[in-house]
Every structure is written in structure tokens, then in C-alpha cells.
Amino acid sequence: MITVGMDLGTQRVKAVVLKDGAVASRGQALSSFDPTKAAEQAVEEALKAAGLKLSDVSYFAATGSAMDMAPYANGTVSMMGADAKAGVYLFPKARTIVDVGAEEARAVKCNEKGIMVDFVVNERCAAGAGAFIEAMARALEVKLEDLGQLALKAERASPINASCVIFGESDVVSLIHRQESKPEIARAVFDAMADRISSMVHRLGVNPDVVLVGGVAKDVGFIDSLNRKLGLTVSIPQYPDYAGALGAALTAASRAKGAQK
Amino acid sequence: MTEAGTVKGQEFWRWQEYHRIMPKKWTNKDLITAGVDVGSVGSKAAIMVNGEAYSWGITRTGSNSPESATKALSYALEGTGLKASDIKYIVGTGYGRVNVPMANKAITEIACHAKGANYIWGPTVRTVLDVGGQDIKAIRIDETGRVTSFLMNDKCAAGTGRGMEVFADLLQIPIEDIGGISLKVEKEPEPVSCTCVAFAKTEAMGLLRKGWTKEKVLAAYTRAMAVRMANLINRVGLEKELVVTGGQSKNIGIVSRIEVILGVKCLPMPNWRDEGSLDPMVAGALGAALFAKALYEKAQKA
């Protein structure tokens, strides 16, 4: 049985093709002005990679902030539900899933079946999401993908106002003028983010099996800061940015199976 | 008014840089003081002759605060016949006040805006709302322009002028027209739920995708900004008369909505475009120049 999960995020659309309970392929496209078109592209890319056609798919499930605009969708899955499903599928012991995307961060508590039981969301403020790291990389004139490595070189963090992207930007500009070390500024950026995320995790109750997913989970600087703040080592899947799409594809599979019965 | 500010057609967010000289003369016997207000977005410098506003310049703040301060001050001096050495005392203020190299002293922008508002509107002002590029301050003052209490947004830039720049750029509307356009709606829409500056673009794009007009999008965002400002004023305690200073004082969409929400009228805004008129965006620099005069006179007596 073939199912497809689509995650329509603010920055990218990700698609996962699931064949008999295993990931067959993945695809993604930039959301830009037209998330519907981006989703079509991501799905096309994923199906092509698996040698499949649209008509082979039993169920399409959509998640992500623009899920209402998804093409082909037979149903939608909440973002928290998708995170929980994917987290437990990837790491069966996981009970807390942290998802940090471009404009939103979530911490989800779930049971052994991958069903969400509680969650905390940061959705109104960019200081707790990937947008913060992007803005700071721009202010530091460092490539986004290099910021993490830079932060790992620092022993301490510079003092910056990290409660707000806009204030943070101004602070970074003045720190650069005072010729403060860029690695220390970079570390401050990740520490501040990690502070926010770890307080979200703590609100759900401490749990040693924490999984980190979402686009920001690819950033070594953020991982290092989050591990330090949480005092544990988070588990990270090989494709953290596809977790939402995977969760949707898994839900799609159980819905399709339910419909067959 | 000398229009030295360059008009850059494609940059809709760019507000007008300008300088003005008031129609009066100075002599060598006069006391010349200056205030330099380096804000997060705009740098303003004002020159006073015996404690009266004489000239000022408004420029965009660059990434280097000392350079921006120097630029604003030279702009204020341009065409006056005055030299920097004629200025007896300079007070630096604003976000970058510690980086004003020529300043004899730095004073917080809260005190300076209070003083400046008292200078522009007179002793009846009791509440000053200062809205700049990335901050909002609600300030209570007494009849002499002294601060009695204040509140500011120290954790979050949501609802500040920077968001308006993002909208101007995205909607391709000159920033100075935004306020007026935001009022061209038949019915005021619900305010947007999120005024985070970093999300302004996504927020606006989402509404445009839903088929909202530019006017409606601006109305919803401006309304949300005004609600935040009104809340801050209510928290500090509103006492009449109310005035608005800073760059957003020029945004009629903001000012009129605050009046509606609070149910009070602000004191009339000087028409800053007119020759010989004061500009509430320079309130901080004017206040700083007044402090400079007082500090200089105190030093002479000592």
C-alpha cells in the first residue's frame, strides 16, 4: 500500500512516500508564494524517485501551517499529531518530540503508540524559531549553514538581547562594531534559542528520551546548545526536516488500512 | 526647507531624510547647544539657539552609530553658517547614545522625549507616546517636562515602525502614504493576531492570498499596532494631554486609531512638512539640546 504525507511549512514543502510501512522516497520544494504548486512539485519529485504515479497512492495526508492549501489531500493531520507519530516511529522509546521549524517551534509529549498527549507551541514570536538564526546569520554576514560550526569554536557566549529578532539584530551589529568574536556571538544566538526551547520542554515535564526534528535540527550549533541546556543528548533522525511529512504519511497509512477493513 | 534627502523611487520603505533651518538669526553672543538622537532606524540632530529650536537634520542610521551621529549633526549644521566648534555643549541620546563621539554627556531618550514634547506642545502635556523604529515608550510627565513614570517594550519589537517598513516594501506603497491608505476601509477589520516584525511579511502574504485588499491588510496590521500602543498607555496610566512623538507620529493611521481606542484626542500634530514648523520626530534631539543648554549654564556657574 502506498501513502503520501505532505508537510506544507512556511519555508518549504516536504513530501514522504510510504510503501507498506517503510519510507520509499522523499521530495521537497520551496513554498514561496504558492504552497499548492510547491506541494505538487514535492510530491512529483518523491513519486518519481520511487518509480510511482499519483494513481498508485491510496491516501494523501497533509500537515503543516499551510495544510489547507494542499493538493490531492484526502485528509489533514495536526502538526503536533504528525510529530508524535513520526517521533515514536523513528525512536520507539521517544516520549517528547521537539520540532523547530522556520517560523514555529513545538514540544510534543506522546505515549508509546505515538499519540500526542500534551504540547507547547511558540508561534507568535520569531525569536524561538529558525527565523531567528537566519536573521542573526545575516547580521553576522555568515552563511546560515556555517553558523553552527562557528558557534562550536566558542568557549563562552556574548551578551545579546535574544528575546526578539529585531533587538537581537541591532545588538549583533553593535557587537561586530566593537569587534567582539563572531563565534561567541554565534554561540549566544544558539544558547538563546535553546533556552526558549528547553523551557518549553520543561513545561511538559522532564523526560530523558527527547527527539529533535524540523529544519533547525540539522544545525550542529543549535544541537550543542540544546543538549547543554537540557542536560541530555537529544536523538536526531537522519532526515529531521521530513518528520512532519513522515508523520502524515504514517497517519495516512493507518487511515487507509482502517478504510479497507 | 531644503530638500537634501534623495528620493529613491524603488525603495518604498525609505522615509524622507531632510533638514530644516528656522527663520531666525544667530549672533556670536548667543548660546548654541545641540542634541543628537541616534535611534535604531533614524538619527536626528537638533541645534538650539538660547534654548529655541534653530535647525535640525534627520538621516537614516547606518550600521555604525558614531558615523550616523556625525552625519546627522553635519546635516543639522548645513547652511546655517555655524561650525561644530560654535556648539557649546552637546547631549547624545537614543539607542546609540553611548556611541555619540562629540557628545559632552549622554541622557536617556525617555528624559529627552519628555523634555522635547514639553517644548513642542507646552506644559499641558502629561502623557507622551514615543514610537520609533523598534521601540514603543509610554511616558508620564509633569508640567516642566520631567518624567514621572514610563513603560517600554524591552522584550519585543512587535508593533513598531520597522514592521511598517516591511509592509511598505511588500505592498509597494511609499511609507509616508501607509497611514492614510490604512484608513481607506469601509469597515475596520479585526486586528491581525501577530505583530512580530520578523513575521510581518508572512502575515501580510497570507492575508493577500486570502484575497484581502492592500487597504484592509494595512488596516488590520495598523489596528493591531495601535492596540499594543494603547495597552502600554493604559498600563502607565493615561492622563491628558496626550501627544505622540517619534517617526510613527507621522502615521495618521496609527495616531487616529489610538485616539479611537483610548477615546481621547491627541494635541494637534505640528504639520512637519511646513516651513518653520516643528517635527515630533525630532522631539528627542530637541529635548537633548535643551538639557545641553541647562548643563552648560550649570557648568558656567560652578
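Visitor: Where in chain A is confidence lowest, and where is it highest?

Guide: The score to look at is pLDDT, the predictor's confidence in each residue, from 0 to 100. Where pLDDT is low, the predicted coordinates should not be read in detail. In chain A the lowest mean, 83, belongs to helix α5 (residues 165-177), and the highest, 98, to strand β4 (residues 59-63). Helices (H or I, at least four residues) and strands (E, at least two) are DSSP runs, numbered from the N terminus. Chain A averages 93, and 100% of its residues score at least 70. This is a predicted model: local features need pLDDT of at least 70, side-chain atom pairs count only at pLDDT 80 or more, and totals for chains, interfaces and linings use all residues. Residues are numbered from 1 along each chain as its sequence is written, while chains are lettered from A and ligands numbered from 1 in the order in which they are written.

Visitor: How many residues of chain A are in contact with chain B?

Guide: A contact means that two C-beta atoms, placed from the backbone, lie within 7 Å. Here 15 residues of chain A meet 14 residues of chain B. On the chain A side, α3 (130-140) and α5 each supply at least two residues, and α5(A) gives the largest share, 6 residues.

Visitor: And what is the fold of chain B made of?

Guide: Chain B has 8 helices and 10 strands. Its C-alpha atoms fill a box of roughly 65 × 40 × 30 Å, taken along the principal axes. Among its contacts between residues at least 6 apart in sequence, 72% join residues at least 24 apart.
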